[in-house]
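Have a look at the model first, and then we'll go through it topic by topic.

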Amino acid sequence: MYIRGTDEPLISRIFAITLTGAAQAWFSTLPANSIGSFEEFGEKFLLNFATRKKHPNSEFSLGKIRQQPGETLQRYLNRFKDAALQVPGLQENVHVHLIMASLDGASRLAKSVYKDPMRTLEEFRTRSKKYLELEQMEIANAQFEEGKRMSLRKRSLAPKGKERDDNKKKDSRARIPDGRDKVGRYEKYTPLNAPRSQIWREVAMTEMKKVERPRPIFDRGGLDKSKYCAIHDGPGHTTDQCWDLRDAVEKFVRD
């Protein structure tokens, strides 16, 4: 409207009808003939709504962020990163100092920082990645232990006859010679993004190594001695072909 040469009175009237909500309520309370120019209109408007202006975060507000006791490292780093993105012109040395100073003092990463402080964000990310991986493994182990406790509790509450039938079924599957049709415990199995033999190698280094292994397969002839199963610790089929491993992995997934 300025480009078209529209005069101020018309601009003021048209601007007024664009106001909504609190701004419109404020405008309606102004005394008649209290505004002499559009510039004065703008000053009154800004003065009234100055406290509602959203100010950008500062280094001071970023320094108020603290990793709470019991808060995971992943959650804290995500909160800090989101807040840091809202601080314009944040210097890297200040960023590194604040993110280290805000760690929970009892955490392992904080103790590592106290012994050997980092100077760049890249150094911090590299070191914190190791603690993130350790944290994720501990969470996975805790979830597995909780699932195992719940499973044991359900088993203890199940009728004894049903438990004997389940064990009998499991033992019979373990003794089926390789080459015959096998039947798993579940009707459907969760699609995986890695071979079961690889999953077994990885989980064998965690608390999952305590999983009860099935009985060895009895050799009644016909076993393929060229194949080895790490679960049964014997020949007959490969680890990836093992139905007991397939059932065990599926149980872990469902737990």
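R127 counts as buried because its relative accessible area is 17%, and buried means under 20%. Keep in mind that this is a predicted model.

**Around R127**
- You'll find R127 in helix α8, which covers residues 121-157.
- Leaving out residues up to four places away in sequence, R127 touches L109, S112, V113, D116 and M118.

**The nonpolar cores**
- The largest nonpolar core has 22 residues, and L62, Y76, F80, L103 and F124 touch the most other members.
- Two or more residues of this core come from each of α5 (73-84), α6 (92-101), α7 (108-115) and α8.
- α5 gives the largest share of this core, with six residues.
- Take F80: not counting residues up to four places away in sequence, F80 touches L62, I65, H95, L98, I99 and S102.
- Apart from this core there's another one, made of nine residues, including A194, W200, V203 and I231.

**How α5 and α8 pack**
- The axes of α5 and α8 are 9 Å apart, and the two helices pack at an angle of about 140 degrees.
- That's why α5 and α8 are described as oblique to each other.
- On the α5 side, L73, Q74 and L77 make the contact, while α8 brings F124, S128, Y131, L132, E135 and Q136.
- Sort the residues of this α5 and α8 contact by type and you get five nonpolar, three polar and one charged.

Note on methods
Residues are numbered from 1 along each chain as its sequence is written. This is a predicted model: local features need pLDDT of at least 70, side-chain atom pairs count only at pLDDT 80 or more; totals for chains, interfaces and linings use all residues. Side-chain values use heavy atoms; hydrogens and water are left out. Helices (H or I, at least four residues) and strands (E, at least two) are DSSP runs, numbered from the N terminus. Buried means under 20% relative accessible area, exposed over 50%, partly exposed in between (1.4 Å probe, protein chains only). Contact means heavy atoms within 4.5 Å. A nonpolar core is a set of buried Ala, Val, Leu, Ile, Met, Phe, Trp, Tyr and Cys residues joined through side-chain atoms within 4.5 Å. Axes are lines fitted to C-alpha atoms, for helices over the stretch in contact, and angles run from 0 to 180 degrees between N-to-C directions. Angles under 35 degrees count as roughly parallel, over 145 as roughly antiparallel, 65 to 115 as roughly perpendicular and the rest as oblique. Ala, Val, Leu, Ile, Met, Phe, Trp, Tyr, Cys and Pro count as nonpolar, Asp, Glu, Lys and Arg as charged, and the others, Gly among them, as polar.
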